[in-house]
Amino acid sequence: MKILAVDDSPLMREVIRKAVELLGYEFFEAANGQEALNLLKEQAIDIVTMDWNMPILDGYETVQVIRNNPTFAHLKILMLSSRDGEMYREKALNAGANHYMSKPFRQESLMEQLMSLERKAS
Amino acid sequence: MLLNLSQQPILQPQEMPQMIDRAVLKALQDATMDVLRCMCDTSVRLQGIQAQHWAGDFKSLLEINAQDDEQALSLSLPLELANRLINRMLGATHPILSAEKRQDGVQELINMIAGAFSHSVSSLPQLLTLPGALPEMPKAAHAVILFFEAEGKPFSIQLRV
């Protein structure tokens, strides 16, 4: 299982990496949506964790781009954002995210979500 | 002047004409505690609350702002505590963090606190709209500071009102 963490914070990517490695998944990272789109063309990624606020191309726009490309139809997207609230959750899900988690989150919760998305992906 | 959350009204020092609703301060307290419990696996205790003029910085403390149209939050952490909290976020025990990593981590924490706080207070219709003095005041005139303790070290979070 290949997981791509998209977040402009290197520290948050490291936090996500810990959870991914504990699950025994392969970890990839990108600092913004554009980097993520480039990497998706090179790697057969299964699950993306997507931050919302990022420079160059933010998470919301990136999800829309991904969902408009049939090549990535299989991709599961977990939106991770400090924007808390039903409005943001709905917006993310309507754009095509499979799940929405607000920061802060516990490592165990993130791992559970990744495992849940893995089951849906397989 | 230190104020107690149980006092009613919560804040009305003489130089601060508007009041702040108790629920607003409780929301900020809860947001701070939740974020540090979740991300840093550490417990936090509220030590006190103080009203004063908004201060841009604290000497020798790390301070990062998260700001939107209406509010500003400022988190002030001693460097040692910042290092400990960020290490806890990473599940690591190595005490040496680069300045960039520490800055990045504290920025993430304040972003999360601001997000959780904004979400909580969005359901409070009376937020910062009490007795009418606020619109006439210059922005950033006043602040409320919540003093906390974590890992045996003090830190504070400032809310500009």
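Begin with the interface of chain A and chain B, across which two salt bridges are found, a salt bridge being a side-chain nitrogen of Lys or Arg within 4 Å of a carboxyl oxygen of Asp or Glu. This is a predicted model, in which local features need pLDDT of at least 70 and side-chain atom pairs count only at pLDDT 80 or more, while totals for chains, interfaces and linings use all residues. Residues are numbered from 1 along each chain as its sequence is written, chains are lettered from A in the order in which they are written, and side-chain values use heavy atoms, with hydrogens and water left out.

Select Glu14(A) and Lys101(B) next: they form a salt bridge whose closest N and O atoms are 2.9 Å apart.

Now widen the selection to the whole contact (heavy atoms within 4.5 Å), to which chain A gives 15 residues and chain B gives 18 residues. Colour Leu11(A), Pro104(A) and Arg106(A), which together supply 40% of the area that chain A buries against chain B, more than any other three residues; buried area is the accessible area (1.4 Å probe) that two parts lose on being put together, summed over both. Between them the two chains bury about 1,500 Å², 62% of it on carbon and sulfur atoms.

Finally, stay in chain B and select helix 2 (residues 79–90) and helix 3 (residues 99–121), whose axes come within 10 Å and cross at roughly 80 degrees. Helix 2 and helix 3 of chain B are therefore roughly perpendicular to each other, a label for angles of 65 to 115 degrees. Where they meet, helix 2 of chain B brings residues including Ile86(B) and Met89(B), and helix 3 of chain B brings residues including Lys101(B) and Val106(B).

Definitions and conventions
Axes are lines fitted to C-alpha atoms, for helices over the stretch in contact, and angles run from 0 to 180 degrees between N-to-C directions. Helices (H or I, at least four residues) and strands (E, at least two) are DSSP runs, numbered from the N terminus. Angles under 35 degrees count as roughly parallel, over 145 as roughly antiparallel, 65 to 115 as roughly perpendicular and the rest as oblique.
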